[in-house]
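Subject: Structure for you to look at

Hello,

Here is the structure I said I would pass on. Please open it first, then read the notes below.

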Amino acid sequence: MIPFYRKSLLALAALAMFNANIRAEVSLPAVFTDNMVLQQKSNVPVWGWGTASETLKIVGSWATQDTVKVEVAPDGSWKTTLPTASAGGPYTLQVMGSSTRTLRNVMLGEVWLCSGQSNMEWKASYGLVNKDQEIADATYPDIRFFTAKLRGALQPQNNCEGQWEVCSPEVMSQTSAIAYFFGRQLYKTLQVPVGLIVSAWGGTPAEVWVPQEKIEQHPALCANKPTQSYPWWPIESGRLYNQMIHPFMPYRIAGTIWYQGESNQDRYRTYHAVMKELIESWRKGFGTEFPFYFVQIAPHTYGAKDNGPALLREQQELTTTQVTGTGMVVISDLVNDVRNIHPIDKQHVGLRLANMALANDYGLSMKGVYSPTFESITFEKNKAIIRLKHAEEGLLCKQKKITGFKIASADGNWIDATVKIAGNTLVVLAPKLKRPTQVTYCFDEATIGNLFSKEGLPVAPFNSNRKF
């Protein structure tokens with residue numbers, strides 16, 4: 001018979017060995033799974049958890065000679081960087097210690113984060129131009145999606161729910177349509193694998209995507225926080241940043257595309273300030289000054305009382321002038337029903353975002369990347385001369401008469417204006433108006449203009465009295 005104390009010692013030893021085995025299990029955050037895409041030609045961050053003080057080896061099969069070693073910290077976390085080669089695959093990624101994790105079907109390519117509210121979240125299955133054919137044709141083994149679950153958190157989290165999936169008709173139909181069309185254009189043009197991290201939630205204000213302290217420490221933003229509570233989505237500052245952005249940091253991304261603003265039109269005054277904080281905090285968290293391209297909100301009959309949608313679009317354009325590495329696509333021509341806040345032509349939205357990235361970040365010579373935007377105005381008697389940026393090839397109207405322009409006198413009298421095209425400038429006439437002082441173009445919530453660049457992009461709405 002074994003004495004009681006010896007039984008106790010044996011039990012403790014067995015328990016210690018059991019616990020050691022548990023602690024030795026190497027684990028990775030959800031963004032590291034089979035089918036993942038890692039940013040090519042980079043030093044990509046790799047991180048996870050393991051047994052304190054254990055030395056791990058991380059190796060990608062694209063270059064086994066570049067094996068990296070890292071020691072697990074006392075708190076059980078570890079983090080390192082691993083060099084990646086030019087685009088290609090499939091490869092494996094292994095993390096080896098007292099246990100081994102092997103990720104398979106790993107590709108090297110271009111990784112983009114796709115975020116915002118419902119127009120970014122919008123799935124092809126919800127409705128799309130030529131929906132059935134687009135879904136049926138969506139077999140692209142080299143395009144991969146990671147779609148984050150809709151969750152919020154009170155504090156920044158180090159993990160989330162989701163997994164990488166290979167693009168198929170079934171997968172494409174259940175994730176962001178804009179992300180898909182953006183990624184498809186990158187893939188077809190660059191011929192490299194494309195990874196798309198989709199983290200978007202319909203109806204959410206921009207503040208929920210920003211670290212809470214960035215809002216609370218900014219007097220204007222703190223005073224203008226969303227206050228109306230809805231049961232189906234969070235409005236508290238930082239909630240989605242904590243659970244749907246922070247867990248991905250510092251995964252190496254090539255850039256971000258963003259479609260949001262509809263839920264901020266009633267608080268438009270601080271939208272640029274919110275976006276500046278969002279972009280800067282995301283860039284800091286991901287550790288790169290990545291490009292940030294966004295969609296100007298489309299014409300829609302909000303029923304706003306103070307012209308908030310137009311003023312929010314102005315704030316969006318302001319961001320492109322104040323924050324480096326940003327760009328805005330205009331989609332007013334892609335709306336066939338201003339009563340629908342979700343235009344179903346997502347193909348051209350994704351295409352325009354992709355063309356901006358291809359021109360700016362991949363060195364391709366492309367025409368028609370930027371919509372014409374207001375640059376300056378001068379007045380001569382009863383006419384105004386407007387110069388536009390990004391209209392070097394000239395302007396055109398697809399109808400007999402240019403619409404959407406209004407002109408005002410010093411006493412605030414507004415009338416519809418007659419407009420003539422002169423190269424990349426516009427002559428705005430008002431025969432019945434003396435001493436005009438201000439011109440607007442489609443500067444309300446739902447007017448769709450008919451003025452385009454020669455390359456076919458719509459002129460962005462503007463107010464000539466803006467302050468930037």
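The accessible surface of the protein chain is about 20600 Å², and carbon and sulfur atoms account for 50% of that area. Please keep in mind that this is a predicted model. Of the 468 residues in the chain, 54% are buried. Along its principal axes, the C-alpha trace spans about 115 × 45 × 35 Å.

The side chains of the protein chain include 46 positive and 40 negative ones, and the centres of these two sets are 3 Å apart.

The chain contains 11 helices and 23 strands. If you count contacts between residues at least 6 apart in sequence, 73% of them join residues at least 24 apart.

Ala408 stands opposite Gln438 of strand 21.

Now a single residue. Where is Ser168? It is in the loop between strand 9 (164–167) and helix 4 (169–173). Is Ser168 buried or exposed? Ser168 counts as buried because its relative accessibility is 18%, and the cut-off for buried is under 20%. Apart from neighbours within four places in sequence, Ser168 is in contact with Ala138 and Thr139. Ala417 is 249 residues from Ser168 along the chain, and their C-alpha atoms are separated by 50 Å.

Regards

Notes:
Residues are numbered from 1 along each chain as its sequence is written. This is a predicted model: local features need pLDDT of at least 70, side-chain atom pairs count only at pLDDT 80 or more; totals for chains, interfaces and linings use all residues. Side-chain values use heavy atoms; hydrogens and water are left out. Two strands pair if DSSP finds at least two bridges between them. Helices (H or I, at least four residues) and strands (E, at least two) are DSSP runs, numbered from the N terminus. Buried means under 20% relative accessible area, exposed over 50%, partly exposed in between (1.4 Å probe, protein chains only). Contact means heavy atoms within 4.5 Å. Accessible areas come from the Shrake-Rupley method with a 1.4 Å probe; for residues, only the protein chains shown count as cover. Lys and Arg count as positive and Asp and Glu as negative; His and the chain ends are not counted. The place of a charge is taken as NZ of Lys, CZ of Arg, CG of Asp or CD of Glu.
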